[in-house]
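Hi,

Here is the structure I said I'd pass on. Have a look at it first, then read my notes below.

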Amino acid sequence: MRRCIAMRRLLHAAPPARQLQRITTARRDLHDARAPRQPPSTRRSSLHTYTVDPFVRSRRKNYRRRPWTGLELTCLGTGAGGPSVDRNAACVALRLDAHGEQSTTWLFDCGEGTTRQVMSSPISHADIDRIFITHLHGDHLWGLPGFLATWSDMKTNENKIKHIRYGRNQGPRELTVYGPEGLYDYLCSTLTYSQVPPRSNAAVKVVEIASSESANRNPKQKPHGSLVHSGIVEEGTIVETSTHVVSCARIVHRPGLDAYGFVVEEVALPRKVLVEEARRAGLTPGPLYQHLQAGQDVVLQDGTVVKADDVTQENVRPRKVVIVGDTCDASALVPLAENADIVVHEATLEDEQWILARRHGHSTAGGAGRFAAKAKAKALILTHMSSRHHSVKHLERLREQARKSFGRQEVVLGRDFMAVPVPRGGFTT
Ligand SMILES: [Zn+2]
Ligand SMILES: [Zn+2]
């Protein structure tokens with residue numbers, strides 16, 4: 001009996017510190033082994049990738065490892081279909097922080113397990129204020145009801161804590177979800193039938209993108225207390241903030257299914273005033289600066305004409321990120337995606353399997369490269385890889401095929417927890 005108790009204690013005891021360290025190192029090694037190294041040619045350009053270490057819990061430590069450029073992509077799910085041991089279901093996080101404003105994070109797709117992926121990454125739930133769904137297939141959507149329930153709950157608790165601590169309520173917070181028609185009905189029914197309690201101070205707005213069949217369809221489901229149907233928008237520009245514009249176009253995936261690709265572009269900054277040159281020309285900081293920043297010449301009180309070109313210069317080039325969902329033909333997105341800095345494109349299968357890819361409405365690695373080439377993009381991230389491509393050899397083949405059709409070396413194989421910062425002014429190569 002005593003021996004039995006001792007054995008039970010031994011089994012439930014925490015492993016000694018040295019053993020724990022060995023386990024953590026082994027898991028890290030496994031993580032790195034599954035992530036093939038980028039070749040030297042990619043490293044020489046301004047395209048760099050970083051692995052967000054899910055074992056390093058500290059958000060600050062994780063971000064300290066790389067420069068913050070104000071625009072960063074993090075792959076949270078790079079698998080096709082359901083989650084696998086190597087890859088989670090589809091999700092890409094885009095962290096933005098333009099023009100010195102507070103940083104925010106937008107998610108593109110929300111596959112099963114996204115909540116846990118966000119928790120394991122340095123991304124904060126509280127920073128996520130927009131989610132874009134490319135299409136209503138389960139591997140891009142099944143994580144959304146759970147994510148919203150967790151988000152609403154977190155917000156409620158956060159507000160309660162602030163209310164107690166500071167004696168005031170921070171007021172309701174909002175999250176907007178954009179996606180094809182039917183998204184609102186889907187969320188209403190899943191949240192209602194799974195008895196998620198409505199939260200009054202954590203509102204989720206749903207904006208649907210008009211389907212090809214009916215532009216004025218009304219939601220059929222009984223509304224859920226936390227969800228607000230915010231209307232139906234046409235494809236094209238769907239979000240305009242002071243710093244960013246989001247546009248979308250319908251792409252080809254499966255018959256009778258609306259699928260979209262999204263383009264996030266920074267708003268161009270006004271021209272930069274060269275203070276020293278302006279002072280020499282007789283200008284002092286004031287309202288005239290605004291005319292010069294808009295590229296207009298100004299006339300001083302003594303009649304002197306100051307040319308905008310002489311005292312201002314172009315500001316940093318606005319960056320453009322393209323995120324394409326499942327597709328076998330995304331050519332409708334090319335005009336919007338033109339001159340993109342980075343394209344995230346699915347590469348479910350190899351070029352040799354193009355018939356199978358076409359039948360299922362998916363792309364090959366070569367197809368992803370061709371889209372990036374047509375869009376004159378500077379870099380390409382391959383994602384949505386089939387679980388059969390788990391070996392380094394298979395993945396390398398995908399990258400080579402994409403490089404060949406892209407005509408550039410800047411092709412990265414997406415992997416979970418991989419972060420890609422886009423430098424200010426975009427990629428130079
Ligand atoms: Zn998919
Ligand atoms: Zn799909």
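The largest nonpolar core in this predicted model has 86 residues. A nonpolar core here means buried Ala, Val, Leu, Ile, Met, Phe, Trp, Tyr and Cys residues joined through C-beta atoms within 7 Å. Buried means 20 or more other C-beta atoms within 10 Å of a residue's own; 12 or fewer is exposed, anything in between is partly exposed, and C-beta atoms are placed from the backbone. V92, V322, I342, V343, L380 and L382 have the most contacts inside that core.

Take L380: leaving out residues up to four places away in sequence, its partners include V343, H345, A368 and F406. (A contact is two C-beta atoms, placed from the backbone, within 7 Å.)

Now find helix α13, residues 365–374, where eight of the 10 residues are buried. Helices (H or I, at least four residues) and strands (E, at least two) are DSSP runs numbered from the N terminus. The buried part of α13 packs against β16, β17, β18 and α14. After the helix comes K376, with a positive phi near 55°.

Residues are numbered from 1 along each chain as its sequence is written, while chains are lettered from A and ligands numbered from 1 in the order written. Since the model is predicted, local features need pLDDT of at least 70 and side-chain atom pairs count only at 80 or more, but totals for chains, interfaces and linings use all residues.

Cheers
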